[in-house]
Amino acid sequence: MRQINAIAVAIFLVLVVVLFAFTPRNTQMMQARFLGVIAPLLKNGSSLQKQIVGFREGMKKLDELDAENKELRIELSALKATDQTLQGLAAENNQLRRALQYRERSTFKLVPARIIARDASTWWSTIKVDKGSNDGVLPDQPVLTEEGLVGKTTVVAGNACTVLLICDENCGVAATVEGTMERGMVHGTRTSTAAAPDLVLEFLSKLADLKPGQNVFSSGLGGVFPAGVLVGKVKRFDVQPLQGIATVVPAVDLSSIEDVFIVTGGGK
Amino acid sequence: MIYIYLILAEFFSLAFQEYLPPLPYGARVLLLPLVFFYAALAVPPPGMLFLAFTGGFMWDALIATQMVDGTLEISLGWSIILFAVLGAIMNGFRPLFQRGHGWEMHCLLSGPLISIFVLSEYLMITFRRGGFLFPKIIWLRIGWEGLAAMIVSPFVFLVLHWLALSFGLIPPREEREASLE
């Protein structure tokens, strides 16, 4: 081996050993910095992709857009009114909880975010969204849509963050099944992808008589996901020697979502 | 200059890769390793190690290193080692690249090397998560990624090589051949 090659190998190994010595926190900070660098490129790419898709799908007629706009305005007003009512109810609920010396429940703040990149890896199911720490997002915050749970934030840069989808094996959600006392843990499988999500609900009783179509909600245990968010529907229930396992179809179509909400400030 | 060019190529390929649609069985087109394999043919061993470091670092920073319950599933740096090992195999065929048979070598080796890369990643997560699971879909996914890499590699090679030659970043074939003698 030539001397210069030997020196190069030595320097290379030293640098790799230095990286191996990084603590998880330092690694996450480094990942966040790199995500911050690449995020503008991903955002521009995402906008370009949307423009191309929009061009291909064609422009909607003006009157169609006008009608849609009117409908959306009415819907927005209704939602604002509902939101005000619910805020009043939340305040009243907290007041009553205080009176009963219960822990006060904080209200959620939803940060709307747009997906700028979908998972490009083989074994991990993640997406990147265009909101980060500048918008109050922190790691391990729940991400959802109006249809149900999407996942949780992992690496958070200033202007973007990575979301681990619920179809990933590493994303576990404590869950309950509608109409039963059954509690378990929902997570993806190793072969699961956003396009072909494969969720299982484990640690159920063998006697649990679950029927296809029953809703599965987050139970709030574990501290990351709030209680009562729809995770999916039971597809099948199997009894195994030690436990019951249900196959769950996610409530959200993870391969086609474009916008999500990140639950900040009180999500935990 | 060639190194700046190749680092930029690695960076942009990583971003572009995010927009490529998934293939059957959840397989993906992995552009960054393809760009790195071109680099492994185009530069000498110390340069290849440098680009393995930058490419592997980007791969780990954006894709492979996942935080699970406060711990890292795969430590930052494993992809760098994988890139270096696979790059060393590709770099061994550099004399053929210098004789003008670069795209053939890039095409033939990219498929198996990317399949090895993806399999290695799977083995690492299997080791970490437990459960030695190897259903058919895993092999199909690994195979499809290798096949996709072989299909895409001539285009990646031609674009990178044409740009490198146009900007005078690598010498023309005659000079490269002469340097071998």
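Into which domains is chain A divided?

1. The model is predicted, and the points below should be read with that in mind. Chain A is split into domain 1, made of 1-58 + 111-268, and domain 2, made of 60-105. Between the C-alpha centres of domain 1 of chain A and domain 2 of chain A the distance is 27 Å.

2. Chain A contains three helices and twelve strands. Its C-alpha trace extends about 75 × 60 × 40 Å along the principal axes. Of the 268 residues in chain A, 35% are buried. Among contacts in chain A with a separation of 6 or more, 58% join residues 24 or more positions apart.

3. The contact between the chains draws 37 residues from chain A and 41 residues from chain B. On the chain B side, α1 (2-17), α3, β1 (67-68), β2 (71-72), α4, α6 and α7 each contribute at least two residues. The largest share of that side is the eight residues of α3(B). Sorted by class, the side of chain B that touches chain A holds 26 nonpolar, eight polar and seven charged residues.

4. The largest nonpolar core has 112 residues, and those touching the most other members are Leu149(A), Val150(A), Ile166(A), Val231(A), Val35(B), Tyr38(B) and Ala39(B). The most residues in this core, 13, come from α3(B). In soluble globular proteins, nonpolar side chains tend to be buried together.

5. Ile166(A) deserves a separate entry. Leaving aside residues up to four places away in sequence, Ile166(A) touches Leu149(A), Val150(A), Gly151(A), Cys171(A), Val173(A), Val186(A), Gly188(A), Leu199(A), Val231(A) and Pro250(A).

6. In chain B, helix α6 covers residues 102-129, which is 28 residues. From first C-alpha to last, α6(B) reaches 39 Å, close to the 40 Å expected at 1.5 Å a residue. There is a bend of about 35 degrees in α6(B) at Ser110(B), with the proline Pro112(B) following within four residues. Just after α6(B), Gly130(B) has a positive phi of about 85 degrees.

7. Which residues of α6(B) are buried? They are Gly102(B), Met105(B), His106(B), Leu109(B), Ser110(B), Leu113(B), Ile114(B), Ser115(B), Phe117(B), Val118(B) and Glu121(B).

Key:
Residues numbered from 1 in each chain as written. Chains lettered and ligands numbered in written order. Predicted model: local features only at pLDDT ≥ 70, side-chain atom pairs only at ≥ 80, totals over all residues. Expected span 1.5 Å × (residues − 1). Bend = angle between axes of the 7 residues up to and from the residue. Buried ≥ 20, exposed ≤ 12 C-beta atoms within 10 Å, placed from the backbone. Contact = placed C-beta atoms within 7 Å. Nonpolar A, V, L, I, M, F, W, Y, C, P; charged D, E, K, R; others polar. Domains from an automatic or database assignment. Core = buried A, V, L, I, M, F, W, Y, C linked by C-beta atoms within 7 Å.
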